Amino acid sequence: MATISKLSNPNPVASLSSSFKPRSSSSLKCFVGFPTRPAFSSKLVSSSSLSSINTHPFRGSLVVRCSLADGNGSSVKRTTLHDLYEKEGQSPWYDNLCRPVDDLLPLIASGVRGVTSNPAIFQKAISSSNAYNDQFRELVQSGKDIESAYWELVVKDIQDACKLFEPIYDQTDGGDGYVSVEVSPRLADDTNGTIEAAKYLHEVVDRPNVYIKIPATAPCIPSIKEVIANGISVNVTLIFSLARYEAVIDAYLDGLEASGLSDLSRVTSVASFFVSRVDTLIDKMLEMIGTPEALDLRGKAAVAQAALAYRLYQKKFSGPRWEALVKKGAKKQRLLWASTSVKNPAYPDTLYVAPLIGPDTVSTMPDQALQAFIDHGTVSRTIDANVSEAEGIYSALEKLGIDWGKVGSQLEDEGVESFKKSFDSLLDTLQEKANTLKFVIS
């Protein structure tokens, strides 16, 4: 099948423009409620750096009720997400996207300021919903192959979501309100293919507040520089180690310097540093070691590494080189905490949100983490509250034989492979859907 970098460029106005028009905010009243949650106590996470975390897990689901009556009803209550941004400078984003896209409106009202997507998210959205059938039928009848049809389904969702978040983008002068769409995971080892795919998506989405997601694989580090140099805003994803994170920052800085632009204010980026998957892997290693010291470090590696990543962020975005770019309007490449859902039910359900709060950062949360933090999250600056402890944990893990470089490489490989499987599975699902609808795909 063709990759996105080899597809012909459809007319973004004729074939991809959205007729989506959000309802007037004046007529939309949203209410967010939560069921009662049971008591809980954590036995595994005892580090003092985690003392600020509420250890009551959220077991219900977010209940969103919207009233489209003639303006009657209560206004939306403030949530901890509003406080997170206004008091501590961290932007809460939502790690999910599906149709109908205007289901995002209650989340925006509750304080969500952006959206991230990936192949796994679209695999779930498209394969489990009939909301895509009409557009898919039209695309196939018009002669589109399966992968081309997939990208047009994705582009429409991204465009519609960008429209909803555009007021936030405008209010913050391009500082927030972004929606992310990822290049094909099949291109993770293809430098030039990734560059062309990013240019293609940037062109066809044609929205100022879209982020093109590029994986932080070694072959894609040069892609990041080139795409930034072309004035395209980027969400760098699948970052699992400090060494690779520094390479990502350098690629962003190199790209800004190579752009030749006199005004850099509209070229922005986030660096998506993955969190929970680090603990999932390292915890298994610690359990194999089995000593009391090793077992005591379970559930602490990810947050410790994230704290050191934030210190690196502060260091790299300061000094003469950065100040020269600031004079041209450059904005910092914000750290974005990804993979924030808790995989181990013995851990606090805000473990990968509460200890990572700090200015100029983003936390993108799937449903479980978002609901938990709205329900019982505590807002305070925590990311650099105890860097020395983070250093101690990081070093202690090294002394036990944990190779951070190998951990990062393994998680990166697993992440790329997981997205490839989701992407391929979705294309298979679409092919089956086309066959079910009795279409002939050439």
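**Close-up 1. Strand β8 and the burial of its residues.** β8 (334-338) is mostly covered, with five of its five residues buried. The model is predicted: local features need pLDDT of at least 70 and side-chain atom pairs count only at pLDDT 80 or more, while totals for chains, interfaces and linings use all residues. Residues are numbered from 1 along each chain as its sequence is written, and side-chain values use heavy atoms, with hydrogens and water left out. Buried means under 20% relative accessible area, exposed over 50%, and partly exposed in between, for a 1.4 Å probe and protein chains only. Strands (E, at least two residues) and helices (H or I, at least four) are DSSP runs, numbered from the N terminus. Arg334, Leu336 and Ala338 point one way from β8, Leu335 and Trp337 point the other way, and all are buried. In a regular strand the side chains alternate between the two faces of the sheet.

**Close-up 2. The neighbours of β8.** Two strands pair if DSSP finds at least two bridges between them. β7 (269-274) and β8 pair in the parallel sense over five bridges. Within this pairing, alanine 271 stands opposite leucine 335 in β8. β8 and β9 also pair in the parallel sense, over three bridges. Here leucine 335 stands opposite threonine 361 in β9.

**Close-up 3. The open sheet and its edge at β3.** Seven strands form an open sheet with parallel pairing, in the order β3-β9-β8-β7-β6-β5-β4. β3 (90-94) and β4 are the edge strands, each pairing on one side only. On average, neighbouring strands of this sheet are turned by 30° against each other, direction ignored. Such angles run from 0 to 180 degrees between N-to-C directions, the axes being lines fitted to C-alpha atoms, for helices over the stretch in contact. Proline 92 stands opposite serine 363 in β9.

**Close-up 4. The largest pocket.** A pocket is an open set of points on a 1 Å grid over the protein atoms alone, with protein on both sides within 12 Å along at least five of seven lines; a cavity is a set of points where a 1.4 Å probe fits but cannot get out, and lining residues have an atom within 4 Å of a point. Grid points are joined across faces, edges and corners, and a volume is the space filled by probe spheres set on the points. The largest pocket holds about 670 Å³ of space. Its lining has 30 residues, of which Asp95, Asn96, Asn118, Ile121 and Pro366 lie nearest the centre. At least two lining residues each come from α3, β7, β8 and α15 (404-436), and the largest share, four residues, is from α3. By class, the pocket lining divides into twelve nonpolar, eleven polar and seven charged residues. Ala, Val, Leu, Ile, Met, Phe, Trp, Tyr, Cys and Pro count as nonpolar, Asp, Glu, Lys and Arg as charged, and the others, Gly among them, as polar.

**Close-up 5. The largest cavity.** The count is one cavity of 30 Å³ or more. The largest cavity contains about 40 Å³ of space. Ser117, Asn118, Pro119, Phe122, Tyr150, Trp151, Val154, Val181 and Glu182 line the largest cavity. Two or more of these residues come from each of α3 (119-127), α5 (146-171) and β4 (179-182). α5 gives the largest share, three residues. Six nonpolar, two polar and one charged residues make up the cavity lining.

Close-up 6. Most residues other than glycine have a negative phi, and most peptide bonds are trans. Arginine 99 and proline 100 are joined by a cis peptide bond, with omega about -5°. Proline 100 lies in the loop between β3 and α2 (105-109). Aspartate 173, not a glycine, has a positive phi of about 55°. This aspartate 173 is placed in the loop between α5 and β4 and counts as partly exposed because its relative accessibility is 45%. Aspartate 360 has a positive phi near 60°. The loop between β8 and β9 holds aspartate 360, which is partly exposed at a relative accessible area of 35%.

Close-up 7. Cysteine 162 counts as buried because its relative accessibility is 0%. Cysteine 220 is likewise buried, with a relative accessible area of 0%. With a disulfide taken as a pair of cysteine sulfur atoms within 2.5 Å, the count comes to zero disulfides.
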